[in-house]
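Welcome! Please take a moment to look at the chains below before you read on, and keep the view open as we go.

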Amino acid sequence: MLRLNVNGTEHAVDVDGSTPLLWVLRDNLGLVGTKFGCGKSFCGACTVHLNGNPVRSCSLAASRGVGQKITTIEGLAGEDGTLHPLQDVWIEHDVPQCGYCQAGQIMAAASLLKRNPMPSDADIDTAMQGNLCRCGTYIRIRQAIHAAAKRLTDKGEVT
Amino acid sequence: MKGNDPRFSPNTSLREVVRAIEADSQTTTASDLSRRSFLKLSGVAGGGLVLALCLGGTSRALTAAGSPLTTEFVPNAFIRVSPDGSILIYSKGPEIGQGIKTAFPMIIAEELDADWSDVRVEQAPINTAVYGRQKAGGSRSIAMSWDQLRRAGAVARSMLISAAAERWGVPAAECTTEDSMVIHRSSGRRLNYGELADEAAALPVPADDSVTLKERKDYKLLGKRVSGVDNYKLVTGQALFGIDQDVPGMLYAAYEKCPATGGRVRAANLDAIRSLPGVKDAFVLEGNGLTTELMPGVAIVASSTWAAFDAKRQLRVTWDETDASKDSWSSAVSRARELAAEPGEDVLIDKGEVDHAFASAAATVEAFYTYPFVSHAPLEPQNCTAWYRDGGVEIWAPTQTPDSGIGNVAHTLGIDRDRITLHQTRVGGGFGRRLINDYMCEAAAISEHVGAPVKLQWTREDDMAHDFYRPGGFHSLKGSVDAAGKLSGWQDHFITFSEDGQTPISRGDLPDTEFPALLVANYRTTQTMLPWTTPSGPWRAPRSNALAFVIQSFLHELAVAAGRDHLEFLLEVMGAPRWLEPGNDRSLNTARAASVIKLAAEKAGWGKPLPAGRGRGLAFHFSHAGHFAEVAEVSVDRNKTLTVHRVTVAGDIGPIVNMSGAENQCEGAVIDGLSTMLGLEVTMEQGRVQESNFDQYPLLSIDAAPQVQAHFIQSDFPPTGVGEPALPPLAPAVCNAIFAATGYRARTLPLSREGFRT
């Protein structure tokens, strides 16, 4: 029995600890926003936060999440449902095409903004290059991250 | 194809809806349900569609069934107006990232004069008798549904006007509509559509050809930038995709096929696999021998995806490869190089006096071009959920062709089509891969075997190994320009592949109308086919995605040989304004071509000075009824590190439905095109694809993404699709830019084969 804290909720999951966190989230906890793309940490579709840092949940044993704070795309918005500024700008800039990679993109971007509230294009490229988008929405991803950074800075908010 | 096919008109569809729902209720429930209980059941089921019934020519009859749908206005299978004013619009086709789930409802909402903020969108059920075409392919969705959807909206609007006019006791002609309201112009009275739902529902439905459609100048919604209707759900991680489906009691499956197409299972360690934790069953499926349906393999059914994957890693299969593919890409490349100097085996076209043109030319150019097989690699690996029970099967699938998928499953299982219910999910990338429904047949067959609902999930490695690849190919070209610097002759020995020795493999053909066949008087194409077994198929902008690279690069080579400016040369090739296939408005129109070429050049600053080391390249290509020209601006350093700084796109696809969606498709097409030309190829040896995951199939990442500006000429021609035609010009534009920057002509894709890096 693994005890996992996901999005602020404690879960007891009857699963072998070597199971990748991705599949525990999806199959056991029904949190399907985190996506399976490659299974080898190449594409970033499975990006979640472990104590605020981006990790590839397809390649992280679920046991490594015990005692840690796990955040998925479902837990990025505030408890009252207020969207994270990245989620807002993602909608406003109509970033997605097929949309499959976007949860991973947003989680990677949220971590970037936490570390670097006003990233340059180069900062974005460095932080986001492990998150592949097959549809090619990179241009809008850059624009949206800049817009979210500006919104956060204007409001003096800290994510 | 005319959009007003009477079979698919909003009115005749009403009777079909009744029939379809009655048929559906027999399919999806074991007992003989009355229509009323079917409606209630569907309402409870939540995800299921509650299509309103319309009897006796009005939609009021629906309420007689006593369903909770009382007073909703349901003029046809696309629209439901609730008394509270909310408007539900059903989007009929698969959403694969092309934006159709937003674009289709926008067309309806425009003619309905609905306030977009009142509109909610749901995916329609699969029922081609009611909805007509329900497919994502060929960039045909908008063109083939434009008229149908406009009339569906206009019929509803006219009924709401009639209802208001009746209530007010005024002539309908005195009423107009705006933002989900009917307005009586002279008195200023207004009623929200919701307030009119009950009365509109009692009215006869007018013939769809009796309603007046809006003029383009009156459009309020079409052409605007509208954010995708699923975006909120996407950014909050809600279940939308095939992989997200969950059915009570569902098991999880993996399926292992021979890595060389056509191999059969000789032996496998099934007992060992069955004893692994979480594994429920492991068994061999013989299949029906069709790569598009069910090929032989070993199915593993488990209690979780990971248990199935983990067991699959420990699966040991001995394959009988007697009839399996022995394809070798490296051998094909060697053979093609030998054949390059020879005439082709078959003459496809030989018109004018090609030999004379060459003999009398001011300059001739010879070149050999190569492009590889590539995979679709949608980010959502193939998957499907199927539940076989009571001799029928219910399916949840991410597919581009749901209707043909039903046919494939029926054929595979040997059951009637009407025993199959298919639910469309959002699709995590199509690119042509999901025109084929092999994963659907596999899931259905596995569910039939175990007698439980099953979600089949492919790994990334499965997806790369079992694709219907974009065919590779080779072109040995010779062209000429005359003393006036004009294009005078064109010859292409096309070396392609064939499985049967008679015809090229799927999408490995050179069409008779391909550019510049209809623009050059002296034109000859010949063809030689190499034997091939691995499946191929449509990949975003089939044929054009590779042919444009060859043809539009070589055209630039000829412009250079003539000492001409590429822009001027290209416009000269187009010649007088005309349709190249008279009477076919999906053929190339040289005036539209010239317009987009000029626009791309103007917006990119063609001819203006560039910083040292930079070059601009231009290319035009016509495909899928779309006229597109692109200009790339690149630089290359001494280590052959290529930087694409920006790409300017100019297109004419008629009026734009959703400007944001259209721009997004152009941005995506540029990046997809660049990604593919830079580093993507699948190679086969001993029938096996050598590349297995993204480390060996390096999709472009964000750091290599150029700036992209898209511009449209919104001509008055009927609207056509934008999912594909912006892709083909990208590769030649970049290659032409590399030449402009460096003097080096790249003739092999991917460019990584030529030593380029990013």
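## Where the two chains meet

Let us begin with the place where chain B and chain A touch: 48 residues of chain B are in contact with 44 residues of chain A. Keep in mind as you explore that this is a predicted model.

Which parts of chain B take part? Three helices, α8 (231-235), α10 (305-313) and α19 (659-679), each supply at least two residues of the side of chain B that touches chain A. If you sort the side of chain B that touches chain A by class, you get 20 nonpolar, 17 polar and 11 charged residues.

## Two domains in chain A

Now turn to chain A, which is divided into domain 1, covering 2-75, and domain 2, covering 85-155. How far apart do the C-alpha centres of domain 1 and domain 2 of chain A lie? The distance between these centres is 21 Å.

The two domains of chain A also touch each other, with 14 residues of domain 1 in contact with 12 residues of domain 2. On the side of domain 1 of chain A that touches domain 2, the elements giving two or more residues are the strands β3 (47-50) and β4 (53-56) of chain A. Of the elements on this side, β3(A) gives the most, with 3 residues. By class, this side of domain 1 of chain A has 6 nonpolar, 7 polar and 1 charged residues.

## A sheet of five strands

Strands β3 and β4 of chain A also belong to an open sheet of 5 strands. Follow the strands across the sheet in chain A and you will read the order β2-β1-β5-β3-β4, with mixed pairing. Which strands form the edges? They are β2 (9-13) and β4 of chain A, each of which pairs on one side only. Neighbouring strands of this sheet are turned by 40 degrees against each other on average, direction ignored.

Look next at strand β1 (residues 2-6) and strand β5 (residues 69-71) of chain A, which run parallel and are joined by 2 bridges.

## A helix across the strands

Finally, look for helix α3 (residues 102-115) of chain A, which lies across β3 and β4 of chain A. At what angle does helix α3 of chain A run to β3(A)? The angle is about 35 degrees.

Note on methods. Residues are numbered from 1 along each chain as its sequence is written. Chains are lettered from A and ligands numbered from 1 in the order in which they are written. This is a predicted model: local features need pLDDT of at least 70, side-chain atom pairs count only at pLDDT 80 or more; totals for chains, interfaces and linings use all residues. Domain bounds come from an automatic or database domain assignment. Two residues are in contact if their C-beta atoms, placed from the backbone, lie within 7 Å. Helices (H or I, at least four residues) and strands (E, at least two) are DSSP runs, numbered from the N terminus. Ala, Val, Leu, Ile, Met, Phe, Trp, Tyr, Cys and Pro count as nonpolar, Asp, Glu, Lys and Arg as charged, and the others, Gly among them, as polar. Two strands pair if DSSP finds at least two bridges between them. Axes are lines fitted to C-alpha atoms, for helices over the stretch in contact, and angles run from 0 to 180 degrees between N-to-C directions.
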